[in-house]
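Hello,

Here is the structure I promised to pass on. Please open it first; my notes follow below.

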Amino acid sequence: MNIRAERRTENLTGAGAAGWPDAQAATVALGPIPLEAQPTEYIRVKWEDRPYATTREVRVAAAHDGRQLAVRLEWDDSTVPNAEFPDAGAVYFPAGDDAPVATIGAPGAPVCMWYWQADRPDATRLEARGPGRFRPSGDDPVTASATLDDGQWSVVLTGELDDAGAGRIGVAVWDGANEERAGLGAVSSEWIHLEIA
């Protein structure tokens, strides 16, 4: 699958910004990170007979201004109200050729993640080394703009274009209503080729 990020002069920081309507978008299928890859026995036992990664697809578009990359994610929110956990979304980029997409990195093969959570005012740049193994990374700021309209999330994550230097991108979504967090999100099963035009 390919996504083309064209250079734009319009403002792209808002989910409804003028530059998005004609941006190329792709629908990406999502699936669960396997239980055997989860970081603790507690999670593997607790979720053995319980569905997770309930968001099945996300629409992805990207654009840049020559310095920063903006990625827009759109997905249908659960109709069940959230309780303890917020909805969340992320895009991530391999830090090396061997980083796995379906587990959001691995201990020896990290990814750079731009992570947004609905109960926080902005996004965070993280290093991810597998499901739930996330930590803050670097000083490069990542911003987010999000709207929930008629049951659909639209989230724009913006960060340094250099993070996408490998030309591949993965995406993840967490449904807070289903108590999804850490390694229990819905993720892309293969890297998406990102063309910077």
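This is a predicted model. I start with the loops and then turn to the aromatic rings.

Glu179 sits in the loop between strand E11 (168–174) and strand E12 (186–188). Its phi is positive, about 60°, although Glu179 is not a glycine. Most residues other than glycine have a negative phi. Glu179 is partly exposed, with a relative accessible area of 29%.

Ala182 belongs to the loop between E11 and E12 too. Ala182 also has a positive phi, about 50°, and is not a glycine. Its relative accessible area is 33%, so Ala182 counts as partly exposed.

Now for another loop. Arg8 is found between strand E1 (2–7) and strand E2 (25–32). Is Arg8 buried or exposed? Arg8 is buried, because its relative accessible area is 11% and the cut-off for buried is under 20%. What does its side chain meet? The side chains of Arg8 and Asp22 are joined by a polar contact of 3.0 Å. Beyond its neighbours within four places in sequence, Arg8 is in contact with Gly19, Asp22 and Ala23, and with Ala63, His64 and Asp65.

Next, the aromatic rings. The structure holds seven aromatic pairs. One of them is Trp75 with Trp116. This pair is edge-to-face, with 6.2 Å from centre to centre and 65° between the planes. Trp75 is in strand E4 (residues 68–76) and Trp116 in strand E6 (residues 111–117). They are 41 residues apart, and the pair links distant parts of the chain. Trp75 is buried at 1% relative accessible area. Trp116 is buried at 4%.

Phe93 and Trp114 make another pair. Their ring centres are 4.9 Å apart and their planes stand at 65°, so this pair is edge-to-face. Phe93 lies in strand E5 (residues 88–94) and Trp114 in strand E6, so the pair ties together parts that are 21 residues apart in sequence. Both Phe93 and Trp114 are buried.

Which residues form one aromatic cluster with Trp75? Trp116 and Trp153 do.

One last item involves a charge and a ring. Arg50 lies over the face of Trp47. The distance to the ring centre is 4.1 Å.

If you want a place to begin, look at Arg8 with Asp22, and then at the cluster of Trp75, Trp116 and Trp153.

Best wishes

Terms used: Residues are numbered from 1 along each chain as its sequence is written. This is a predicted model: local features need pLDDT of at least 70, side-chain atom pairs count only at pLDDT 80 or more; totals for chains, interfaces and linings use all residues. Side-chain values use heavy atoms; hydrogens and water are left out. Helices (H or I, at least four residues) and strands (E, at least two) are DSSP runs, numbered from the N terminus. Buried means under 20% relative accessible area, exposed over 50%, partly exposed in between (1.4 Å probe, protein chains only). A polar contact is a pair of N or O atoms within 3.5 Å; within protein, one must be able to donate a hydrogen and the other to accept it, and residues adjacent in sequence count only if both atoms are side-chain atoms. Contact means heavy atoms within 4.5 Å. Rings of Phe, Tyr and Trp (its six-membered ring) pair if their centres lie within 6.5 Å; planes under 30 degrees apart count as stacked, over 60 as edge-to-face and the rest as tilted. A charge sits over a ring if NZ of Lys or CZ of Arg is within 6 Å of the ring centre and within 35 degrees of the ring normal.
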